[in-house]
Amino acid sequence: MKLTKKSHACVRLEKDGRTLVLDPGVFTEEDAVLGADALLVTHEHPDHFDEGRLRAALEANPDAEIWTLRSVADQLSAAFPGRVHTVGHGDAFTAAGFDVQVHGELHAVIHPDMPRVTNVGYLVDGGALFHPGDALTVPDHPVETLLLPVMAPWNKISEVIDYVREVRPRRAYDIHDALLTDLARPIYDRQIGELGGTDHQRLAPGGSTEL
């Protein structure tokens, strides 16, 4: 499996000539969805879900499909009948040749006065990779590669470190990092690397690695 980091929370996964894209939002490059065979969206917030990008992907590839939660699916399903699938915690499916399990139900708390939206995470290929969206969900399955939301209005670095410790992945790659300045990155790299207990890495947007 080839992992390519796109800006913020979006990644592309490629295997056997097929491409799966997760969470293309407004901070993500417009070409992030091009060539996608399948797309997964964790929740409705615009840094993870951009309707225009998803429509462009479905229009460019008549065989492309989307798996997501109801709040996102309801905005797309009428225009693309049969190609937008609603999923929730406990579901399992195959998308573009990747086996996917759904974990989690709610977005992390931003503030007690703000209602929590639905959020799901996606465990890919039996634990080869886990994208939690905007939550610190711990799947009931070992994780090889954790996509780690390092900087958000709803978290702090101690929670990020404890999350890595609880999931205990073989490696963790940063996502949800558009708000993290280059000046702060060495602090996050050092503290997560020293205290997380796993191989902590990051990729620049457009960077790739083989898993």
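## Basis of the values

Residues are numbered from 1 along each chain as its sequence is written, and side-chain values use heavy atoms, with hydrogens and water left out. The model is predicted, so local features need pLDDT of at least 70 and side-chain atom pairs count only at pLDDT 80 or more, while totals for chains, interfaces and linings use all residues.

Helices (H or I, at least four residues) and strands (E, at least two) are DSSP runs numbered from the N terminus. Two strands are said to pair if DSSP finds at least two bridges between them. Strand β1 covers residues 2–5 and strand β2 covers residues 11–15; the two pair in the antiparallel sense over four bridges. K2 has E14 in β2 as its bridge partner. Five residues separate β1 and β2 in their hairpin, and H8 in the turn has a positive phi of about 65°.

On to the next hairpin. β2 also pairs in the antiparallel sense with strand β3 (residues 18–22), over five bridges. L22 in β3 stands opposite V11. Two residues lie between the strands in the hairpin of β2 and β3, where D16 takes a positive phi near 55°. β1 is also joined to strand β14 (residues 208–210) by three bridges, and these strands run antiparallel. In β14, T209 stands opposite L3.

## Nonpolar cores

A nonpolar core is a set of buried Ala, Val, Leu, Ile, Met, Phe, Trp, Tyr and Cys residues joined through side-chain atoms within 4.5 Å. Buried means under 20% relative accessible area, exposed over 50%, and partly exposed in between (1.4 Å probe, protein chains only). The largest nonpolar core has 43 residues, of which L13, F93 and Y122 touch the most other members. Contact means heavy atoms within 4.5 Å. With its neighbours within four places in sequence left aside, F93 is in contact with L40, W67, V87, F98, D99, V100, V102 and Y122. A second, separate core has 16 residues, including V143, L148, Y163 and V164.

D23 is in the loop between β3 and β4 (38–40). A salt bridge is a side-chain nitrogen of Lys or Arg within 4 Å of a carboxyl oxygen of Asp or Glu. For charge, Lys and Arg count as positive and Asp and Glu as negative, while His and the chain ends are not counted. D23 is buried but has no salt bridge, and the nearest side chain of opposite charge, K5, is 11 Å away.

A polar contact is a pair of N or O atoms within 3.5 Å; within protein, one must be able to donate a hydrogen and the other to accept it, and residues adjacent in sequence count only if both atoms are side-chain atoms. The side chain of D23 has a polar contact of 2.7 Å with that of T42 and a polar contact of 2.6 Å with that of H48. Not counting residues up to four places away in sequence, D23 touches A9, C10, T28, L40, V41, T42, D47, H48, H131 and G133.

## Salt bridges

Side chains of opposite charge can pair when their charged atoms come close. The structure holds nine salt bridges. One of them joins the side chains of K6 and D31 (3.8 Å, N to O). K6 lies in the loop between β1 and β2 and D31 in the loop between β3 and β4, so this pair ties together parts that are 25 residues apart in sequence. K6 counts as buried because its relative accessibility is 11%, whereas D31, at 43% relative accessibility, counts as partly exposed.

D50 and R53 form a salt bridge whose closest N and O atoms are 3.2 Å apart, and both residues are buried. A salt bridge also joins the side chains of D174 and R185 (3.9 Å, N to O). This pair links distant parts of the chain, with D174 in strand β12 (residues 171–175) and R185 in helix α4, eleven residues apart. Both D174 and R185 are buried. A network of salt bridges links K5, D174, D177 and R185.

## R190 in helix α4

Helix α4 (residues 185–195) also contains R190. R190 counts as partly exposed because its relative accessibility is 42%. Its C-alpha atom is separated by 38 Å from that of R70, which is 120 residues away along the chain.
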